[in-house]
Amino acid sequence: MLTTHQLHINGRHHNLLPATTIAANRSEVLLIQADGQERRTALALALTGRMKPTSGTVSIGHDASLGSLRRRSAIIDSPDVNAPENHLTVKSLASEDLALVPFKFRDRTRPTAWLVKNGFRDILEQWIEELAPARLLKLQLELALANRDVDLVVVDSPDRHTADTGAWLPLLEELASGTMGRVPDANAETPLRPLVVVGIVGRLPDEWDGAAAVAGNDLLLQYPDDVVPPVETPAATDAVVESADDAPDPEPDPEPDVLAASETSAPEAATEPEEEIR
């Protein structure tokens, strides 16, 4: 189980990730809606232990160690982090990803053999940019499963490639159920490998009725449904200052003593009462 409590990240110039509390269970997909690619990527990095939060906690099971979280998680298709580059071939991508697996196995240095065994023979020599979104995502998910330590997979913005949720949502569900990654000749008694799967999206699909959350939901959780939380608005502050009724008192005139003397002498002479004529 993946949990966060008031997970919060400050950016250089703004609040990168407002306080967020979520819980994601093994064998299920949790979709988290977050506004803006920068926020989605920050959340993906934090959930996988690759970015230290400003405050709050993130843990997998009862383990809150960032090192353990990094070892047990995989971040998928994150822009400017590890999204596959279009100039790579499928074989090159597989070679790079398999080389990063932190233990030795037979196909670690045999990307062609791995691709053939896992059903990607037909795209061996294709460029990344030639692949349909669903095919590319499945390839990345299968590569992540090559690391047997992975218990958590976080997919960054799968909906940015296509508006068709059928291209990515069924794959996340298959991954969570543990049925993905089973080679065609796998023994029927081979146990399934269910995972914790999180998809961070720009918009929750209309048809989605599974687990869902919103980045920054701690603010919303503090207020009842019929109460609108307060929002700081700099424009409102400026409007108060510019209001005529609430305008500050004018600054006192300079050199009040000099002005007072000049203002009293002349009027007294001019307004001195004339002597009564009898």
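**View 1. The largest pocket and the residues around its centre.** The largest pocket of this predicted model has a volume of about 600 Å³, and its lining is made up of 25 residues, of which Ala74, Ile75, Asn82, Asp97 and Leu100 lie nearest the centre. Two or more lining residues come from each of helix H2 (66–71), strand E5 (73–76), helix H3 (90–99) and helix H5 (133–145), and strand E5 gives the most, with four residues.

**View 2. The largest cavity and its lining.** The structure holds one cavity of 30 Å³ or more, and about 80 Å³ of space lies in the largest cavity. The residues that line the largest cavity are Asp77, Pro133, Ala134, Leu136, Leu137, Gln140, Pro158, His161, Thr162, Ala167 and Trp168. Of the residues in this lining, seven are nonpolar, three are polar and one is charged.

**View 3. Valine 29 and its contacts.** Valine 29 lies in strand E3, which covers residues 29–33. Valine 29 counts as buried because its relative accessibility is 6%, and buried means under 20%. Leaving aside neighbours within four places in sequence, valine 29 is in contact with Leu172, Glu173, Ala176, Val197, Trp208 and Ala211.

Note on methods: Residues are numbered from 1 along each chain as its sequence is written. This is a predicted model: local features need pLDDT of at least 70, side-chain atom pairs count only at pLDDT 80 or more; totals for chains, interfaces and linings use all residues. Side-chain values use heavy atoms; hydrogens and water are left out. On a 1 Å grid over the protein atoms alone, a cavity is a set of points where a 1.4 Å probe fits but cannot get out, and a pocket is an open set with protein on both sides within 12 Å along at least five of seven lines; lining residues have an atom within 4 Å of a point. Grid points are joined across faces, edges and corners, and a volume is the space filled by probe spheres set on the points. Ala, Val, Leu, Ile, Met, Phe, Trp, Tyr, Cys and Pro count as nonpolar, Asp, Glu, Lys and Arg as charged, and the others, Gly among them, as polar. Buried means under 20% relative accessible area, exposed over 50%, partly exposed in between (1.4 Å probe, protein chains only). Contact means heavy atoms within 4.5 Å.
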